[in-house]
Amino acid sequence: MSTHLTASLWPSNFDPDDTTLPVSATVVDRIDPATAGDLLHRHVTGQLSVAVEGLSGIQTEQGLWMIPLDCGVWIPPGQLHNAVLGTESRMFSCHIPPALTSVLPDRPVTIMLSNLAIELIRTLAARELPLARAKRIGAVLLDELSEARRLPINYAVMSHHPVLREIAQACTQPEYAAYSNTQWAQKVAMSEKTLSRLVFAETGMSFQNWRRRIRLLASLNALARGKSVEAVAFDAGYTTPSAFIAVFKKLFGETPGNFFKR
């Protein structure tokens with residue numbers, strides 16, 4: 001799968017600025033190779049971009065942010081942004097009229113989505129529904145989003161550099177989770193020092209901390225769906241659950257158990 005991100009294309013029959021429904025949604029799986037990936041625009045509606053498959057991100061004036069799978073990035077109405085996709089990637093795009101966005105933040109954030117929220121979005125995006133039913137589903141979805149856990153958008157800094165996109169996509173896989181800086185440098189045919197400098201220049205973080213954040217964000221989805229801390233810890237490259245819990249607490253301010261209890 002390519003790690004090149006390109007501006008996404010709307011389905012021809014979808015209007016992102018339609019304000020007649022509490023939530024309108026569509027599948028976005030097409031890209032426009034002729035359009036710059038950093039071409040920013042804004043909508044009357046607020047936009048929730050939900051990663052479903054592959055590599056996807058949101059560009060704002062502040063940077064490019066990865067969307068963890070089964071999570072969404074919320075962009076308030078009127079905020080400059082652009083959704084970007086890798087090849088063979090797919091996302092849901094949900095749009096909410098300004099009058100109904102008071103339940104959501106007035107700044108871009110990453111939102112952890114429940115199974116119910118994802119299924120509601122899938123239903124809205126899959127087919128045309130009778131207006132009354134679409135309104136009922138949209139109202140339930142808004143209630144789910146108002147209660148969802150939120151993270152600062154910069155927890156998942158994405159780089160424009162293709163090598164770093166390759167690493168970001170691969171490092172969440174169990175077989176690469178425990179790779180050292182040296183092993184990554186060898187894999188992408190760079191010196192360790194050059195790779196570390198590149199990561200810092202692109203993300204403002206050390207190479208190790210950047211990878212750790214991406215892996216921990218990926219682990220949130222597995223934990224939210226009931227996978228044990230032990231299994232998630234090993235998939236993320238930690239030798240013991242206690243080591244994973246300690247790093248999780250340092251990044252998110254609480255243990256996985258307390259994080260999901262709230």
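Mentor: Start with Ala-189, which counts as exposed because its relative accessibility is 71%. The terms run as follows: buried is under 20% relative accessible area, exposed is over 50%, and partly exposed is in between, with a 1.4 Å probe and protein chains only. The model is predicted, so local features need pLDDT of at least 70 and side-chain atom pairs count only at pLDDT 80 or more, while totals for chains, interfaces and linings use all residues. Residues are numbered from 1 along each chain as its sequence is written, and side-chain values use heavy atoms, without hydrogens and water.

Ala-189 is not a glycine, yet its phi is positive, about 60°. It sits in the loop between helix 4 and helix 5. Helices (H or I, at least four residues) and strands (E, at least two) are DSSP runs, numbered from the N terminus.

Now helix 5 itself. It has 12 residues, 192–203, and at 1.5 Å a residue these should span 16 Å; the end C-alpha atoms are 16 Å apart, which agrees. The expected span is 1.5 Å times one less than the number of residues. Leu-195, Leu-198, Val-199 and Thr-203 are the buried residues of helix 5. Seen down the axis, they fall within an arc of 100°, so they line one face of helix 5. That arc is taken from the directions from the helix axis to the C-beta atoms. On the face of helix 5 turned away from the buried side are the exposed residues Lys-193, Arg-197, Phe-200 and Ala-201. Gly-204 follows helix 5, and its phi is positive, near 75°.

Beyond neighbours within four places in sequence, Leu-195 is in contact (heavy atoms within 4.5 Å) with Leu-164, Ile-167, Trp-184, Ala-185, Val-188, Met-190 and Phe-207. Leu-195 is also among the residues that touch the most other members of the largest nonpolar core, along with Leu-164, Ile-167, Trp-184, Phe-207 and Trp-210. This core has 33 residues. A nonpolar core is a set of buried Ala, Val, Leu, Ile, Met, Phe, Trp, Tyr and Cys residues joined through side-chain atoms within 4.5 Å. Elements giving two or more residues to this core include helix 3 (162–170), helix 4 (181–187), helix 5 and helix 6 (207–224). Strands contribute too, among them strand 7 (71–75) and strand 8 (82–85). Helix 3 gives the most, with five residues. There is also a second, separate core of 27 residues, including Phe-92, Leu-120, Leu-129 and Leu-145. In soluble globular proteins, nonpolar side chains tend to be buried together.

The buried residues of helix 2 are Ala-134, Ile-137, Gly-138, Leu-141, Leu-142 and Leu-145. They cover an arc of only 145° around the axis, which puts them on the same side of helix 2. Exposed Arg-136 and Glu-147 are on the face of helix 2 turned away from the buried side. The cover over the buried residues of helix 2 includes strand 4 (46–53), strand 9 (90–96), helix 1 (115–126) and strand 11 (150–152).
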